[in-house]
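Here are my notes on this model, point by point. Please read them with the structure open.

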Amino acid sequence: AEYMGKAEKMLQIASDVGKKQMKSDNLSEAEIEENLLPVRLQLSYLTHQLGNIDDAVAEYQDILTKNTSADASISAVAGNNLVVARGDKDLFDAAKRLKVATS
């Protein structure tokens with residue numbers, strides 16, 4: 001678990017530095033948020049692996065909602081992780097989301 005703590009710190013630093021740089025480049029908040037989705041997804045995965053399933057599920061769902069880019073891989077990974085985090089619960093809904101994410 002020690003390496004996960006270090007990974008979380010590094011991802012948070014990456015997010016903070018990226019956000020600061022994008023603000024100085026005059027990107028909009030929406031653009032910044034979209035560009036940081038891969039980092040958020042990795043942080044969500046760490047949350048999931050640390051056993052905070054409810055928080056991870058909420059993050060995965062939020063990422064799926066906010067990913068409006070053409071990057072289908074973000075939606076595919078978040079959708080897959082959501083299915084795993086939920087286990088058997090809401091499997092039909094999760095499969096539907098995964099299908100939409102990969103379409």
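1. Start with Asn-81. This is a predicted model. Asn-81 has a relative accessibility of 11%, so Asn-81 counts as buried; the cut-off for that class is under 20%.

2. Where does Asn-81 sit? Its place is in helix α5, which covers residues 72–86. Setting aside neighbours within four places in sequence, Asn-81 is in contact with Leu-41, Tyr-45, His-48 and Tyr-60. Two of these names, Leu-41 and Tyr-60, come back in point 4 as members of the largest nonpolar core.

3. Now the overall fold. The protein chain has six helices and zero strands. Along the sequence, the pattern reads α-α-α-α-α-α. Of its 103 residues, 31% count as buried. Among contacts in the protein chain with a separation of 6 or more, 48% are between residues 24 or more positions apart.

4. Next, the largest nonpolar core. It holds 11 residues in all: Leu-37, Leu-41, Ala-56, Val-57, Tyr-60, Ile-63, Leu-64, Ile-74, Ala-78, Leu-82 and Ala-85. At least two residues of this core come from each of α3, α4 (53–66) and α5. The largest share is that of α4, with five residues.

5. Then the largest pocket. Its space is about 240 Å³. The lining consists of 14 residues, and those closest to the pocket centre are Ser-15, Lys-19, Glu-33, Leu-36 and Arg-40. Which elements give two or more residues to the lining? They are α1 (2–24), α2 (29–35) and α3 (37–49). The largest share, five residues, is from α3.

6. Six of the residues that line the largest pocket are charged, four are polar and four are nonpolar. Lys-19, Glu-33 and Arg-40, named above among the residues closest to the centre, belong to the types that count as charged.

7. Last, the surface. The accessible surface of the protein chain comes to about 6600 Å². Carbon and sulfur atoms account for 55% of that area.

Definitions and conventions. Residues are numbered from 1 along each chain as its sequence is written. This is a predicted model: local features need pLDDT of at least 70, side-chain atom pairs count only at pLDDT 80 or more; totals for chains, interfaces and linings use all residues. Side-chain values use heavy atoms; hydrogens and water are left out. Helices (H or I, at least four residues) and strands (E, at least two) are DSSP runs, numbered from the N terminus. Buried means under 20% relative accessible area, exposed over 50%, partly exposed in between (1.4 Å probe, protein chains only). Contact means heavy atoms within 4.5 Å. On a 1 Å grid over the protein atoms alone, a cavity is a set of points where a 1.4 Å probe fits but cannot get out, and a pocket is an open set with protein on both sides within 12 Å along at least five of seven lines; lining residues have an atom within 4 Å of a point. Grid points are joined across faces, edges and corners, and a volume is the space filled by probe spheres set on the points. A nonpolar core is a set of buried Ala, Val, Leu, Ile, Met, Phe, Trp, Tyr and Cys residues joined through side-chain atoms within 4.5 Å. Accessible areas come from the Shrake-Rupley method with a 1.4 Å probe; for residues, only the protein chains shown count as cover.
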